[in-house]
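Please keep the viewer open while reading.

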Amino acid sequence: MHNIAIFPSVSDSGRADDVHLVDEHAVQVEHDRLRVKDAHLRGVIFDLDGVLAISEPLLAEAAIALFAEKGHPMGEDRYLGGAAEHRGIELDLERDKARLYEIYEEVIRGRLKPLPGAVELVRSCLARGLAIAVASGADRVKVVANLREIGLPESLFGTVVDGNQVVGKKPAPDIFLEAARRLGLPPEACLVIEDAVSGVAAARAAGMRCLGITSSFSASELAGAEWLAADLAHVPDAALGW
């Protein structure tokens, strides 16, 4: 999220102007916001977790199962953040990550569901001729498995960008700029739909308009987004120009 502080302008003498204080940077930011919002919307870029589905609890379950296979049962609060190192569990990163996702695909089968309005909005965008993309910081195998399970297969989208295909992670704009590039669209023609503070900041940094979904953070925390909604079943018409 961009926290834009407005400060007095400073004259050449080094003191703040006493009259008509203007922050030229703030004016430019507001000008850029208006330019982006006035641009004709041509593409929608969806984050995945917290927007189309919520998969993290199921990934935690898969990770716990992986450690159990190695003879180290643990509670859900211990599966991340150095649990293997702390407990002396030897991991082969490439092999065990592959196994994790094998277990994960079994865990989500029949259990991972789309969030309200997700399938309907994606298909409405397609029907109205909008280009659509997914931009998720997760590993590709997880992204593709999630999309398939919720009934929105990868083939529906113009492109799917995962976290391993860009250098800068959110709040850097890289993943959204790459999605727009692959769609053949300028950033200002794209709407990003995000649920995270870092994702909203990334959308703003990319020069894109943003719809914040309050599934993970509060409306005040996502205040950098132009529009807010509880889920994709309640998207403001103005966000999509409908």
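## Basis and overall figures

Accessible areas come from the Shrake-Rupley method with a 1.4 Å probe, and for residues only the protein chains shown count as cover. On that basis the protein has an accessible surface of about 12200 Å². Carbon and sulfur atoms hold 53% of that surface.

The model is predicted: local features need pLDDT of at least 70, side-chain atom pairs count only at pLDDT 80 or more, and totals for chains, interfaces and linings use all residues. Residues are numbered from 1 along each chain as its sequence is written, and side-chain values use heavy atoms, with hydrogens and water left out.

Of the 242 residues in the protein, 45% are buried (under 20% relative accessible area; exposed is over 50%, partly exposed in between; 1.4 Å probe, protein chains only). Contact means heavy atoms within 4.5 Å. Among contacts between residues at least 6 apart in sequence, 63% join residues at least 24 apart.

## Sheet and packed helix

The secondary structure consists of nine helices and six strands. Helices (H or I, at least four residues) and strands (E, at least two) are DSSP runs, numbered from the N terminus. Six strands form an open sheet in the order β3-β2-β1-β4-β5-β6, with parallel pairing; two strands pair if DSSP finds at least two bridges between them. The edge strands, β3 (159–161) and β6 (227–229), each pair on one side only. From one strand to the next, the twist averages 20°.

Strand β2 (residues 131–135) pairs with β3 in the parallel sense over three bridges. A135 has V161 in β3 as its bridge partner. Helix α5 (residues 118–127) packs on the sheet and touches β1 (43–46), β2 and β4 (190–194). The direction of α5 makes about 155° with that of β1. Axes are lines fitted to C-alpha atoms, for helices over the stretch in contact, and angles run from 0 to 180 degrees between N-to-C directions.

## Nonpolar cores

A nonpolar core is a set of buried Ala, Val, Leu, Ile, Met, Phe, Trp, Tyr and Cys residues joined through side-chain atoms within 4.5 Å. The largest has 44 residues, of which F46, L52, F157, I193 and L232 touch the most other members. Helix α4 supplies the largest share of this core, six residues. Another core lies apart from it, with 21 residues, among them I45, A133, V161 and L185.

Leaving aside neighbours within four places in sequence, I193 has contacts that include V44, F46, L121, I213 and L232.

Rings of Phe, Tyr and Trp (its six-membered ring) pair if their centres lie within 6.5 Å; planes under 30 degrees apart count as stacked, over 60 as edge-to-face and the rest as tilted. By this rule there is one aromatic pair. The ring centres of Y101 and Y104 are 6.4 Å apart and the planes stand at 85°, so the pair is edge-to-face.

Both residues lie in helix α4 (residues 93–108), three residues apart, about one turn of the helix. Y101 counts as buried at 10% relative accessibility. Y104 also counts as buried, at 0%.

In helix α8 (residues 197–205), G199, V200, A201, A202, A203 and R204 are buried. G207 follows α8 and has a positive phi, near 80°.

A239 sits in helix α9 (residues 237–240) and counts as buried at 1% relative accessibility. Beyond neighbours within four places in sequence, A239 is in contact with L41, L191 and W227. A239 and L228 are 11 residues apart in sequence and 9.0 Å apart in space, C-alpha to C-alpha.
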